[in-house]
Amino acid sequence: MRQKKTPRYYQVALIIAERIRSGQYEVGMKLNACTTLATNFHTSPETVRRALNVLADIGIVEVVHGSGAIVLSKKKAGEFLDNYNSIHSIRDTRNEILESIRRQESELSYFSKLLDDMIFETQKAQRKFPFTPYEIEIDETCLCLHETLKDLRLWNRTEATVIAIKRGDDFVLSPGPYAMLESGDVLFFVGDEYAKQRMQNLLYGIEKKESVQLG
């Protein structure tokens, strides 16, 4: 977010206030006329006049028309500067927070694009190689030990097709319906993107438990 630049007349007011606070311009001192001050500050008399009016409005100086201004309060000059710095500190913090949010939104947008690209590439790979098999290991906790593929009605319940069973160092390709599941077996099967989860549920999860209860 682009920060607004402090107007030139306000900059001049801040410089005069700083000189008053530092003692360069003492209380009671008469400041030169606007034309002379304008030369000192390398600006226009109108800019100096507006700067002095700002300071006069809060009691730091008293404007004497036609002959400059008289310094009234060192304390108020300090309060004016402290207030300005406080406001700008808050504004700077706000701008930093907004900039941080903008960067985070940009990063989130970038990560979202990466995720979309990854999903797209994954789906493209699945379309290109639709028969890349999933695999799942059978262990002692399997709820279907010693049951055949036929008894399990595997395809009806998971829409997955078992293409091989690895048992020890041997592979049984295209196992028939009477192939029995044993602990240590590794099933290789193909199906859609949800087939592995359905197979997991059948062999180890809720679906098998419910079928046992209903039976």
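Mentor: A contact, as used here, is heavy atoms within 4.5 Å. The model is a predicted one, in which local features need pLDDT of at least 70 and side-chain atom pairs count only at pLDDT 80 or more, while totals for chains, interfaces and linings use all residues. Numbering starts from 1 along each chain as its sequence is written, and side-chain values use heavy atoms, with hydrogens and water left out.

Trainee: Which residues does Ile20 touch?

Mentor: Leaving aside residues up to four places away in sequence, Ile20 touches Tyr25, Ile60, Val61, Val71, Ser73, Lys74 and Ala77.

Trainee: What makes a set of residues a nonpolar core?

Mentor: The set must consist of buried Ala, Val, Leu, Ile, Met, Phe, Trp, Tyr and Cys residues, joined through side-chain atoms within 4.5 Å. The largest such core here has 24 residues, and Ile16, Ile20 and Leu55 have the most contacts inside it. At least two residues each come from α1 (8–22), α2 (34–40), α3 (45–57), β3 (68–71) and α4 (74–128). The largest share, 6 residues, is that of α1. A second, separate core has 19 residues, including Ile165, Phe189, Ala195 and Leu202.

Trainee: What makes a stretch a helix or a strand?

Mentor: Both are DSSP runs, numbered from the N terminus: helices are H or I over at least four residues, strands are E over at least two. The protein comes to 8 helices and 7 strands.

Trainee: How do you know that β5 and β7 pair?

Mentor: Two strands pair if DSSP finds at least two bridges between them. Strand β5 (residues 161–167) and strand β7 (residues 186–190) have 5 bridges, in the antiparallel sense. In one of these strands, β7, Phe189 is the bridge partner of Val162.

Trainee: Which strands stand at the edges of the open sheet?

Mentor: The 4 strands follow the order β4-β7-β5-β6, with antiparallel pairing. β4 (134–137) and β6 (170–173) are the edges: each has a single partner strand, so one side of each is left without a neighbour in the sheet.

Trainee: What puts the buried residues of α7 on the same side?

Mentor: The buried residues in α7 are Ala195, Met199, Leu202, Leu203 and Tyr204. The arc is that of the directions from the helix axis to the C-beta atoms. These residues cover an arc of only 160°, which puts them on the same side of α7.

Trainee: What makes phi of His42 worth a remark?

Mentor: Most residues other than glycine have a negative phi. Phi of His42 is near 55°, a positive value. His42 is in the loop between α2 and α3, and at 73% relative accessibility it counts as exposed. Phi of His146 is also positive, near 65°, and His146 is in the loop between β4 and α5.

Conventions
Buried means under 20% relative accessible area, exposed over 50%, partly exposed in between (1.4 Å probe, protein chains only).
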